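Good morning, colleagues. Please take a moment to look at the sequence and the model, which I shall then discuss.

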Amino acid sequence: MEKIVVVGASLAGLRAVQALRREGFAGEVTLIGAEPHDPYNRPPLSKSFLRGDDDAVLPGAEELDGRWLRGRTAVRLDTVDKMVAVDDGTVMPYDGLVIATGARPRRLAEHPAGVHTLRTLEDALALRTALAERQQRVVVVGGGFIGGEFASTARSLGHAVTVVDSAPLPMLAALGADTARWLGAHHRRNGVELVSGVRVTGFHGTSQLAGVRLADGKVIPADLVVAGMGVVPNTEWLDGSGLTVDNGVVCEPTLHARGTHDIVAAGDVARWPHRLFGNTLVRVEHWANANDQGAAAALNLLAGPEHATPFADVPSFATNVHGARIQIAGLPQLAEEAKLVTGTFEDDQFSVGFTADGLLVGAVAVNSPRDFVRLKRGVAAGNPLEL
Ligand SMILES: Cc1cc2nc3c(=O)[nH]c(=O)nc-3n(C[C@H](O)[C@H](O)[C@H](O)COP(=O)(O)OP(=O)(O)OC[C@H]3O[C@@H](n4cnc5c(N)ncnc54)[C@H](O)[C@@H]3O)c2cc1C
């Protein structure tokens with residue numbers, strides 16, 4: 001292999017380039033990235049960055065060893081002639097391709113001024129400015145991890161916050177019912193108004209946002225809205241390429257795009273059969289996954305499908321909401337049963353194990369890092385739950 005093209009210059013793309021060089025790949029590496037910035041870390045954008053801390057540095061980003069098409073978007077992939085077409089008319093030939101184009105926020109049908117999403121540095125700067133300008137009546141649409149973190153940060157800055165979630169409890173699928181109930185109560189105890197089980201249908205206000213309209217006819221007054229309704233993978237540029245795209249780039253266990261030997265995918269855009277979970281196709285939208293998978297995919301690209309290693313790290317994620325550290329491992333949503341393992345919900349310190357066929361498939365821990373590590377190991381080993 002002499003020419004490798006990496007599309008997407010964020011966490012997964014950066015880790016892929018670094019791994020190629022670490023492995024001794026001396027050929028040409030070209031990185032195509034739609035954003036104009038050096039790769040940066042997104043996790044601070046919903047937390048410290050909104051409070052005025054500028055640090056979103058992604059270690060290693062300063063020493064990218066490759067040709068870098070910055071602020072350029074890949075618009076088409078030709079897998080027959082092995083070329084990526086770029087929006088400025090450039091065509092980049094490749095022998096090997098890494099797809100790391102991540103995901104973007106799902107948007108509401110209407111998107112008037114005052115309604116924000118939170119994915120990029122620009123998004124975070126706009127929100128930081130709005131929060132610093134004056135007291136805001138904030139409505140967060142969606143009680144997932146981005147919505148929850150934003151709500152928590154906005155409350156800590158003294159703003160009035162309402163979270164509207166169409167599910168009956170926040171983060172129900174990811175956390176299971178008991179922990180989601182705890183999270184709802186935790187939001188309320190910290191001054192967040194939580195409106196559950198109802199959808200947002202539109203907005204009030206003509207020149208200026210005045211409120212959020214709900215499916216039950218109610219209107220919640222709002223100056224600032226953050227839509228945190230999940231993400232969609234950035235795959236449109238792959239239309240017509242022949243790759244299998246279905247809620248992400250569908251891959252083999254080794255992260256090779258299904259049916260190919262010279263294309264891999266990594267990070268938020270990749271969907272692959274996970275060996276630990278009965279080869280269920282999973283797409284993981286977390287930092288550690290993009291970080292580890294970017295490198296793993298690049299090494300598998302160099303190794304070729306026959307010598308590649310299946311990617312089977314336990315998905316793992318942490319979030320901070322109103323001072324509580326919530327950690328999730330595995331896929332709790334696959335569980336048939338959930339059991340409290342340590343602590344109590346009342347003390348805001350506990351861990352829960354999730355099982356399917358009697359074996360651990362997921363774990364959630366709140367303010368219990370040691371118990372989390374133990375349970376995560378159990379998920380990796382597919383152990384039964386020991387109480
Ligand atoms: C506000 C926020 C907070 C978060 N907090 C946490 C957290 O606390 N913990 C955690 O585990 N995870 C967190 N995450 C998730 C984590 O940041 C992502 O999982 C991670 O960024 C995924 O990296 P990626 O490289 O796969 O994709 P991305 O970071 O989405 O990067 C993809 C890049 O590809 C570019 N691109 C897209 N299409 C094209 C194209 N056609 N051509 C060229 N370039 C293209 C995009 O512009 C982007 O720069 C957070 C995310 C956000 C937004």
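The structure holds 17 salt bridges, a salt bridge being a side-chain nitrogen of Lys or Arg within 4 Å of a carboxyl oxygen of Asp or Glu. Before I go further, please note that this is a predicted model, in which local features need pLDDT of at least 70 and side-chain atom pairs count only at pLDDT 80 or more, while totals for chains, interfaces and linings use all residues. Residues are numbered from 1 along each chain as its sequence is written, and side-chain values use heavy atoms, with hydrogens and water left out.

One of the salt bridges joins Arg128 to Asp54, with the closest N and O atoms 2.7 Å apart. Arg128 lies in helix α2 (residues 121-133) and Asp54 in the loop between β2 (28-33) and β3 (67-70), so the pair ties together parts that are 74 residues apart in sequence. Helices (H or I, at least four residues) and strands (E, at least two) are DSSP runs, numbered from the N terminus.

I turn now to the domains. An automatic or database domain assignment divides the chain into domain 1 (3-104 + 231-307), domain 2 (107-227) and domain 3 (323-381).

How far apart do the C-alpha centres of domain 2 and domain 3 lie? They are 27 Å apart. The contact, meaning heavy atoms within 4.5 Å, takes 11 residues from domain 2 and 12 residues from domain 3. Between them, domain 2 and domain 3 bury about 910 Å², 69% of it on carbon and sulfur atoms; buried area is the accessible area (1.4 Å probe) that two parts lose on being put together, summed over both. On the domain 2 side, Leu175, Thr179 and Trp182 lose the most area to domain 3, together 51% of what that side buries.

The count between domain 2 and domain 3 is one salt bridge. Asp348 forms a salt bridge with Arg189, and their closest N and O atoms are 3.0 Å apart. Which elements give two or more residues to the side of domain 2 that touches domain 3? They are α4 (172-175) and α5 (177-189), and α5 gives the most, with six residues.

Finally, an open sheet of three strands has the order β18-β20-β21, with mixed pairing; two strands pair if DSSP finds at least two bridges between them. The edge strands, each pairing on one side only, are β18 (249-250) and β21 (280-282). β18 pairs with β20 (residues 270-274) in the parallel sense over two bridges.
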